[in-house]
Amino acid sequence: MRDRMKVTALLDDKLIHDIRVFSGGKNITESIVIALTEWLNIQKLKRLNQEIESSPLSFAEGFNAETIRRPNRRGKA
C-alpha cells in the first residue's frame, strides 16, 4: 500500500466543483488525486520537452530508413 497523507486545505467551492466535474472522480478525494496526477504528468512532459529542446535527439551517422528496412525485409516474399 502507498503512503498516504491526510491534508486539510481551504479551497474555493467553485474550484472543487469544477475539479469534480472535469475529473469524473467518485468523490472529492478521488477528484483531487486525479487532478493533481494529471497536473504532475503535464509538468513532467513540459520538463522533458525542455530537455529535448536543449539537447535534441540525433540519429547515428549513416542512419536512414532504407538501412533499417533492408534487414527487416529479408526472407519475406
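**A chat about the overall build and Leu-40**

User: What radius of gyration does the protein have, and what would a compact globule of 77 residues have?
Analyst: In this predicted model, the protein has a radius of gyration of 23 Å, whereas a compact globule of 77 residues would have one near 11 Å.

User: And what does the C-alpha trace span along its principal axes?
Analyst: Along those axes, the C-alpha trace of the protein spans about 60 × 35 × 30 Å.

User: OK, how many helices and strands are there?
Analyst: The secondary structure consists of three helices and zero strands, and reading along the sequence gives the pattern α-α-α.

User: What share of the residues counts as buried?
Analyst: Of the 77 residues of the protein, 5% count as buried. The accessible surface comes to about 7800 Å², and carbon and sulfur atoms account for 56% of that surface.

User: Let me switch to Leu-40: which helix is it in?
Analyst: Leu-40 is found in helix H2, which covers residues 28–54.

User: Why does Leu-40 count as partly exposed?
Analyst: Leu-40 counts as partly exposed because its relative accessibility is 39%, and that class lies between buried, under 20%, and exposed, over 50%.

User: How far is Leu-40 from Ser-54?
Analyst: Their C-alpha atoms are separated by 21 Å, with the two residues 14 residues apart along the chain.

User: Last topic, charges: how many are positive and how many negative, and how far apart are their mean positions?
Analyst: The protein has 14 positive and 10 negative charges, and the mean positions of these two groups are 9 Å apart.

Conventions
Residues are numbered from 1 along each chain as its sequence is written. This is a predicted model: local features need pLDDT of at least 70, side-chain atom pairs count only at pLDDT 80 or more; totals for chains, interfaces and linings use all residues. Side-chain values use heavy atoms; hydrogens and water are left out. Helices (H or I, at least four residues) and strands (E, at least two) are DSSP runs, numbered from the N terminus. Buried means under 20% relative accessible area, exposed over 50%, partly exposed in between (1.4 Å probe, protein chains only). The radius of gyration is taken over C-alpha atoms; the globule rule is 2.2 Å times the number of residues to the power 0.38. Accessible areas come from the Shrake-Rupley method with a 1.4 Å probe; for residues, only the protein chains shown count as cover. Lys and Arg count as positive and Asp and Glu as negative; His and the chain ends are not counted. The place of a charge is taken as NZ of Lys, CZ of Arg, CG of Asp or CD of Glu.
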